[in-house]
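Hi,

Here is the structure I promised to pass on. Have a look at it first, and my notes follow below.

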Amino acid sequence: MKAMALRAPGGLDQIRAEDRPDPGRPGPGDIRVVLHGASLNYHDLAVATGRSKTADGRILLADGAGLVESVGEGVTEFAPGDMVVSCFFPDWQDGAPTIGDFARTPGDGIDGFAQETVVLPASAFTLAPKGYDAVEAATLTTAGLTAWRALVGDARLKAGDTVLLLGTGGVSIWALQIAKMFGASVAITSSSDEKLERARSMGADFTLNYRAEPEWGRRVRDWTGGKGVDHVVEVGGPRTLAQSIEAVRIGGHIALIGVLTGFSGEIPTGLFMAKQARLQGLIVGSRRQQQDFVRALDANGIRPVVDRRFALADLASAFRHEEGAHHFGKIGIEW
Ligand SMILES: NC(=O)c1ccc[n+]([C@@H]2O[C@H](COP(=O)([O-])OP(=O)(O)OC[C@H]3O[C@@H](n4cnc5c(N)ncnc54)[C@H](OP(=O)(O)O)[C@@H]3O)[C@@H](O)[C@H]2O)c1
């Protein structure tokens, strides 16, 4: 069986196509899944480039989807032929978060989905939305579920709310689709006017180039008539948070998700206090939240934006494409 593994010390030229033993028949509670698709996240890029350390020979990628081939004793939730999608935290089934690291996250602490076939507990997957292909389904695991939890789980988004999104990567474009599905108004930033145009065509109400306008927080607040936005999906981190605080309304909510600009920095605590806003750190979500998300997608027929698809053997090129920030939405891997 083929797998794309990362050899020490990491780096895109250390990604190797390797032969691994077939995982065999599913035991009690397990399912055997023939994988067909994955998608890339910033987290996978950090692992692949060696910035986030992993074990020598680790099979890459947190997101995976494919068809159930057979089920082990006692499995009633899935049947052969079902399209399933993996969970970012295979052990977090429901309830409040209890895991704060990536020790059991596929493609980081344990082997991921850049391989042909896996045998895993059924509880490490959910059904995919109806009609999705494997690449589309795989976009739910990390980016989709993060956007869903931020806006629907933590923010309790409702029709008429205003939402600010940063950049046009995987999380933000999923967040745009979810926010529009709920009838919210959306402001989105990008370094590219072309990408902003594309966001507008998907329903973004206010767009702004963060390179051309570094003080975008005030401009976003002006767009809301001076009040500020109800919710921010903060994927930037230390160098964007001050502007996000500027943009949020008094009593609003900021979902602190991303590390695109680093891992620590200065926060205008005085302004944050005056805003009386809620700053909620989060890492992806639970299996139950993924099931809720799938149910919502089944009811609404939304499909993710897969900007470009690469073959599994071309994984390093796909990561280079992500590094160059050429993409809008998700980058798919298909086999
Ligand atoms: N906590 C969690 O659960 C969780 C889950 C998923 C992702 N994340 C984090 O969220 C971030 C985004 O992840 P992703 O997978 O969506 O990444 P991605 O698809 O690689 O998106 C990267 C995009 O971010 C935008 N960007 C870069 N620097 C920016 C800045 N200073 N201000 C605004 N936008 C900026 C760029 O958009 P333009 O090209 O439009 O400028 C770039 O294309 C990463 O830090 C990732 O680690 C966290």
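Let me start with Gly 258, which touches Glu 234, Val 235, Gly 236 and Gly 237, leaving aside residues up to four places away in sequence. Before going on, please keep in mind that this is a predicted model. Val 235 is 23 residues away from Gly 258 in sequence, yet their C-alpha atoms are 3.6 Å apart in space. As for its place in the fold, Gly 258 sits in the loop between strand 13 (248-256) and helix 8 (269-275). Its relative accessibility is 15%, so Gly 258 counts as buried.

Next, the nonpolar cores. The largest one has 61 residues, and Leu 151, Val 163, Leu 164 and Trp 174 have the most contacts inside it. Helix 4 (residues 170-181) gives the most to this core, with eight residues. Because domain 1 (2-139 + 304-334) and domain 2 (144-281) both give residues to this core, it lies between them. Apart from it there is another core, of 22 residues, including Leu 6, Leu 12, Ala 38 and Ala 48.

Beyond residues up to four places away in sequence, its contacts include Leu 151, Leu 157, Ala 179, His 231 and Val 233.

Finally, Thr 189 is part of strand 10 (residues 185-190). Thr 189 is buried, with a relative accessible area of 2%. With residues up to four places away in sequence not counted, Thr 189 touches, among others, Leu 164, Gly 167, Leu 208, Tyr 210 and Trp 216.

Cheers

Definitions and conventions: Residues numbered from 1 in each chain as written. Predicted model: local features only at pLDDT ≥ 70, side-chain atom pairs only at ≥ 80, totals over all residues. Heavy atoms only, no water. Helix = DSSP H or I, 4+ residues; strand = E, 2+ residues; numbered from the N terminus. Buried < 20%, exposed > 50% of the residue type's maximum accessible area, 1.4 Å probe, protein only. Contact = heavy atoms within 4.5 Å. Core = buried A, V, L, I, M, F, W, Y, C linked by side-chain atoms within 4.5 Å. Domains from an automatic or database assignment.
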